[in-house]
Amino acid sequence: KETIKIISKCLYFLCNFNFMDWRKYIVADKEILNGKPSIKGTRLSVEFILERLADGWTEQMLYENYPTLYKEGLQAVYAFALENLNDAVLVDWEKH
């Protein structure tokens, strides 16, 4: 439970209170990655980027390993995740 709260707070602050319009940078095209939300102009899905970050990768590591990734695209991943977490319901996994 606490981890979800921390992630949500971090994403909120990473977006600098001035929420960007992630729709300019995140696309879902059935011809690209089977329609998974991805960063426009790349073959990098939002899910993939968040997995790397959850595994401990830094933004610098992402930029170095994926040269098609750009600053606005990464910021859009954070904004997309935040918007999708804002109305999320936390499940008590211990009961399931």
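Accessible areas come from the Shrake-Rupley method with a 1.4 Å probe, and for residues only the protein chains shown count as cover. For this chain, the accessible surface comes to about 6,900 Å², and 54% of that belongs to carbon and sulfur atoms. The model is predicted, so local features need pLDDT of at least 70 and side-chain atom pairs count only at pLDDT 80 or more, while totals for chains, interfaces and linings use all residues. Residues are numbered from 1 along each chain as its sequence is written, and side-chain values use heavy atoms, leaving out hydrogens and water.

Let's start with the whole chain. You will find four helices and two strands, in the order α-β-β-α-α-α along the sequence. Here helices (H or I, at least four residues) and strands (E, at least two) are DSSP runs, numbered from the N terminus. Of the 96 residues, 25% are buried, where buried means under 20% relative accessible area, with a 1.4 Å probe and protein chains only.

Now look at Ser45, in the loop between strand 2 (38-39) and helix 2 (46-54). Ser45 has a relative accessible area of 7%, so this residue counts as buried. A polar atom of its side chain lies 2.9 Å from the backbone nitrogen of Phe48. Leaving aside residues up to four places away in sequence, Ser45 touches Leu33, Lys36, Pro37 and Ser38; touching means a contact, with heavy atoms within 4.5 Å.

Next comes Ile49, in helix 2. Is Ile49 buried or exposed? Ile49 is buried, because its relative accessible area is 0%. Beyond residues up to four places away in sequence, Ile49 touches Ile39, Leu44, Leu62, Leu69, Leu74 and Val77.

Key:
Buried < 20%, exposed > 50% of the residue type's maximum accessible area, 1.4 Å probe, protein only. Polar contact = N/O pair within 3.5 Å; in protein donor to acceptor, adjacent residues only side chain to side chain.
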